[in-house]
Amino acid sequence: MLEQTLVLIKPDGVQRGLTGDIIKRFEGVGLKIVAMRMVWVDKEFAREHYADVGVRRGEKVLANLLSLITMGPVVAMVLEGVDAVEIVRKICGPTEPKAAQPGTIRGDYAHVSFGYSDHVNEAVRNVVHASGTKDEAKTEVSMWFKAEDIHDYPSVHDIHILHYRAEDIRKIKPATNDEK
Ligand code: ADP
């Protein structure tokens, strides 16, 4: 049930100064950030990340998407939580901003249709990427992060979201000055 999933704030989201708001939404529902970094990827890496898009969406969309994702740095993060893959996709909203409901990231920060993006020969700028399935999440997390850069640490979500027992957490005692 506890899953990890990959989120990218795409270059359009970073350049529009939306990074803080997007992270706040994930933290707000109790998802734990277990890894994060800013990275400017090259086309080769981007092509590997979007390996199936050419087949699913067509080569033209893929070419435009590779230009979009490499036009500036992205903020990459791994989020952990119960059914995290599905929950993160819900928070992001559907791929086409026109169809995304207000309250979702794509519905709040974008609005154009696939038709319009195709007309201007651009990939649709929908601010975020999120892994689509559990298998995809596993592959993408290991592509973007080394195992040692994914952190296991306690947070208040452990008590209030995941129902860890408070008495177990109280057993962890602060170190005294003498012990430091
Ligand atoms: P998602 O990002 O929601 O998982 P896809 O993997 O199908 O969606 O597509 C990858 C990205 O390609 C989308 O997020 C979007 O930026 C772009 N894209 C997909 N389909 C189109 C389209 N018909 N026209 C323009 N851009 C598209």
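Modeller: Let's start with a term we'll need: a residue is buried if 20 or more other C-beta atoms lie within 10 Å of its own, exposed if 12 or fewer, and partly exposed in between, with C-beta atoms placed from the backbone. The structure is a predicted model, where local features need pLDDT of at least 70 and side-chain atom pairs count only at pLDDT 80 or more, while totals for chains, interfaces and linings use all residues. Residues are numbered from 1 along each chain as its sequence is written.

Colleague: Fine. How many helices and strands does the protein have?

Modeller: There are 11 helices and four strands. Both kinds are DSSP runs numbered from the N terminus: helices are H or I with at least four residues, strands are E with at least two. Along its principal axes, the C-alpha trace spans about 65 × 35 × 30 Å. Of the 180 residues, 31% are buried.

Colleague: Which residues of α9 are buried, and what puts them on the same side?

Modeller: Ala137, Glu140, Val141 and Trp144 are the buried ones. They lie on the same side of α9 because their arc around the axis is only 105 degrees; the arc is taken over the directions from the helix axis to the C-beta atoms. The face turned away from that side carries Asp135 and Ser142, which are exposed. As for partners, the buried residues of α9 pack against β1, α3, β3 and α6.

Colleague: What makes the buried residues of α5 a one-sided set?

Modeller: Take Leu62, Leu65, Leu66 and Ile69, the buried residues of α5. Their arc covers only 100 degrees around the axis, so they end up on the same side of the helix. Among the elements covering them are α1 (11-15), α3 (43-49), α4 and β3 (74-82).

Colleague: β3 keeps coming up. How do you know how covered β3 is?

Modeller: Count the buried residues: eight of the nine in β3 are, which makes the strand mostly covered.

Colleague: And why is Gly81 called buried?

Modeller: Gly81, which sits in strand β3, has 22 other C-beta atoms within 10 Å, so Gly81 counts as buried. Leaving out residues up to four places away in sequence, Gly81 touches Gly30, Leu31, Lys32 and Ile87; a contact here is two C-beta atoms, placed from the backbone, within 7 Å. Gly81 also sits 8.0 Å from Met1, C-alpha to C-alpha, although 80 residues separate them in sequence.

Colleague: What makes β3 a partner of β1?

Modeller: Strands pair if DSSP finds at least two bridges between them. Eight bridges join β1 to β3, and the two run antiparallel.

Colleague: What belongs to the largest nonpolar core?

Modeller: A nonpolar core is a set of buried Ala, Val, Leu, Ile, Met, Phe, Trp, Tyr and Cys residues joined through C-beta atoms within 7 Å. The largest one has 35 residues, and Leu6, Val7, Leu79, Val88 and Val128 have the most contacts inside it. Elements supplying at least two residues each include β1 (2-9), α2 (19-28), α5, β3 and α6 (84-92). β3 gives the largest share, six residues. Val88 touches Thr5, Val7, Leu79 and Ala130, again not counting residues up to four places away.

Colleague: Why is Asp83 called partly exposed, while Asn121 is called exposed?

Modeller: Asp83 has 13 C-beta neighbours inside 10 Å, so Asp83 counts as partly exposed. Asn121 has 9 other C-beta atoms within 10 Å and is therefore exposed. Asp83 is in the loop between β3 and α6, and has a positive phi of about 50 degrees although it is not a glycine. Asn121, in the loop between α8 and β4, is a non-glycine residue with positive phi too, near 55 degrees.

Colleague: Last one: how many residues surround the ligand?

Modeller: There are 14, the closest being Thr95, Phe114, Ser117, Ala123 and Val124.

Terms used
A residue is near a molecule or strand if its C-beta atom, placed from the backbone, lies within 6 Å of it.
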